[in-house]
Amino acid sequence: QEQDGEEQWVVNPAGIDQAIARRVPDPIFIGAMENATEDVGKFASGTTIGKLIKEIIEPVAERNAGPVTDALAQVASRLSADGGEKDETLLELDAQIETELARFFPGVVAKTHIQTPDFSDFLKSATIKIYDQQHDQETGRDASSFGHGAQRSVQIALIKCLSEIRRKAVGSAARTTLLLIDEPELYLHPQAIEVVRASLSRLSKEGYQVVFSTHSANMITRSDAPNALLIRRTPVDGTRSNSRIVD
């Protein structure tokens, strides 16, 4: 920054990544042939369901951490090594182990211990259950039980939810979310492709910068054509992009 007519280097205490994050859009990326079941069904730092849970974790933890921790403390008292109400079968096993161990290492005691999960461990098991209103309204199924079209639809829906939550977050209302999607039409019927196309178009007018690649003409309408970038590959010229109509 400029100070007393001279440019001065200001140390960034938050680090380079955080400094860049304040100046560029938040990216959300969906690959074309990635495993949608992994993305929507397994909690991890890079999956959509993982990102979505992390965005809402604070209020969930505030409301539920206390009661869950109290309940787990009661379980721990019956299963942990030094639990005050340890299960009698485990106590009998501890005594038997101690007797046998004393023959080899007198004075050393070993006790059984069953680790009790904490509240964060439950969140790491977060997943998506899909309910077919005609066949399994009560039980639901994992995403892997459905076809690629259904999985892709769930994936797009979660991405939209994640974008909306980020946009409404305190202090980030003015930020732009960069949405990168590789072939959003994959595995979808023509009617569903149109729903996705209209949804992405609407998001582009609500604070999101949407960039997608596609092989489907259904994803490009007449109004979108001037901004479309046509990529061609030939044996002579290799891969190259043509100029957009607006250019």
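**View 1. Nonpolar surface patch formed by F104, F105 and V108.** In this predicted model, these three residues make a nonpolar patch of about 350 Å² (patch members have over 30% relative accessible area and no salt bridge, with nonpolar side chains joined within 5 Å; a salt bridge is a side-chain nitrogen of Lys or Arg within 4 Å of a carboxyl oxygen of Asp or Glu). Areas follow the Shrake-Rupley method with a 1.4 Å probe. V108 belongs to the loop between α4 (88-102) and α5 (119-123), where helices (H or I, at least four residues) and strands (E, at least two) are DSSP runs. V108 counts as partly exposed because its relative accessibility is 41% (buried is under 20%, exposed over 50%, partly exposed in between).

**View 2. The largest nonpolar core.** Among its 25 residues, those touching the most other members are I128, I130, V154, L158, L179, I181 and L200 (a core joins buried Ala, Val, Leu, Ile, Met, Phe, Trp, Tyr and Cys residues through side-chain atoms within 4.5 Å). At least two residues each are supplied by β3 (26-30), α3 (48-79), α6 (148-168), β6 (177-182) and α7 (190-204); α6 gives the largest share, five residues.

**View 3. Surroundings of L200.** Beyond neighbours within four places in sequence, L200 contacts L179, I181, P184, V210, F212 and M219 (heavy atoms within 4.5 Å).

**View 4. Backbone of E183.** E183, in the loop between β6 and α7, has a positive phi near 55°. E183 counts as buried because its relative accessibility is 17%.

**Notes.** Residues are numbered from 1 along each chain as its sequence is written, and side-chain values use heavy atoms, leaving out hydrogens and water. Local features need pLDDT of at least 70, side-chain atom pairs count only at pLDDT 80 or more, and totals for chains, interfaces and linings use all residues.

Note on methods
Patch = residues over 30% accessible without salt bridge, like charges linked within 9 Å, V, L, I, M, F, W, Y side chains within 5 Å. Buried < 20%, exposed > 50% of the residue type's maximum accessible area, 1.4 Å probe, protein only.
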